[in-house]
Amino acid sequence: MSLETPIKIRMLQRKLYQKAKGEPSYRFYLLYDKIYREDILAHAYALAKSNQGAPGVDGQSFWGIETLGLEEWLSGIRNDLRAKTYQPQAVRRVMIPKPGGGQRPLGIPTIRDRVVQTAAKLLLEPIFEADFDPNAYGYRPKRSAQDAIQKVHKLLCDGYADVVDADLSKYFDTIPHSELLKCAARRIVDRDMLRLIKMWLKVPVAERDEDGKPRVSGGKGSSCGTPQGGVISPLLANLYMNRFLKYWRITGRGEVFHAQVVNYAEDFVILSRGCAAEALNWTRSGMTRIGLTLNEAKTSINGVVQSGLTFSDTRSGRIVFGRMAMGIWGRVRRRRVFPGCGRKWETCWCVLTWRRGQKCALTSTACCGGGRTTLVTERD
């Protein structure tokens, strides 16, 4: 099956986006009946299969589904959705290693739930996209980590050299359900679609404890969190983060702090012209108001020294959006060599870039203050 969006679905998405963009206060009330359209479910299955994810708690694989009959399987989902008897199964949680050490929980829904979530995303994403902040880049169509990096690079070159490198503590696990559903309800009044979102937020999580024994958490009693790994989770996470970005915008924080925010998923940086500390204090208070917490151990203010040089293929010691495995500024050791004066090493912050898969350290030279400057990366 082709992964190119069928023309009928693309036309529907365009209409939804244009309506949402043209009427910021419009609320959509007829969406659920489209989620079980035959073409939407078929395309949702193709998208889910393209990711080749592991089976969920039911152990069902794509091969097993197609062996038993894909059309009949999709028909069963369509009938359950039409009759409003669909119920998501538990999410299987596994721990995966983080690049910087430690482990991150990953939720794996069943393929059946992934397909339904993908079908819902095909309808919801164009609506929410119309409201998302232009400086948000994570998990969005036609946007990438590289776009975020280029934006930060431009702001640094424009003089926004005081940087708040912010990190949210367990963002996906702490998003409050009630507030998130209110965010969705500002655009969606279709009760059945909202009911689906709520069910996915309240789904039980199946995992194993330290002794290897099965354990179930979450469920209807849970009040916060959306499992990382679910198809719908990144869209919902963006929707809630947009609450902070919108509040920043409508309260004029950019003008007050001479700053701009660049966001990628749960990571963001605030680039300011001299008001980084004030921006961080306001952000800390604002995040608390919406039920989120900054990870103080990973949040810091850094001054950036712009040398006027361009450094590529160079890995920094500290990387903006470090979990994306790329960055554009970082701590380096600068060696100034002046004729007859010996050598002097100092640590500073400079604009630089790193590209995946290339050399981790590369020196560059240029004229600087009458001497030659050599930049060599220094890892933390």
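How many bridges join β4 to β5, and do these strands run parallel or antiparallel? Five bridges join β4 to β5, and the two strands run antiparallel.

The views show a predicted model, in which local features need pLDDT of at least 70 and side-chain atom pairs count only at pLDDT 80 or more, whereas totals for chains, interfaces and linings use all residues. Residues are numbered from 1 along each chain as its sequence is written, and side-chain values use heavy atoms, with hydrogens and water left out.

**View 1. The open sheet is formed by four strands.** The strands, which are DSSP runs (E, at least two residues) numbered from the N terminus, follow the order β2-β1-β4-β5 with mixed pairing, where pairing requires that DSSP finds at least two bridges between two strands. At the edges lie β2 (103-108) and β5 (214-218), each of which pairs on one side only.

**View 2. Strands β1 and β4 run parallel.** Two bridges connect β1 (residues 91-97) with β4 (residues 204-208), and R92 stands opposite A206 in β4.

**View 3. A hairpin is made by β4 and β5.** A206 stands opposite V216 in β5, and among the five residues between the strands, G212 takes a positive phi near 85°.
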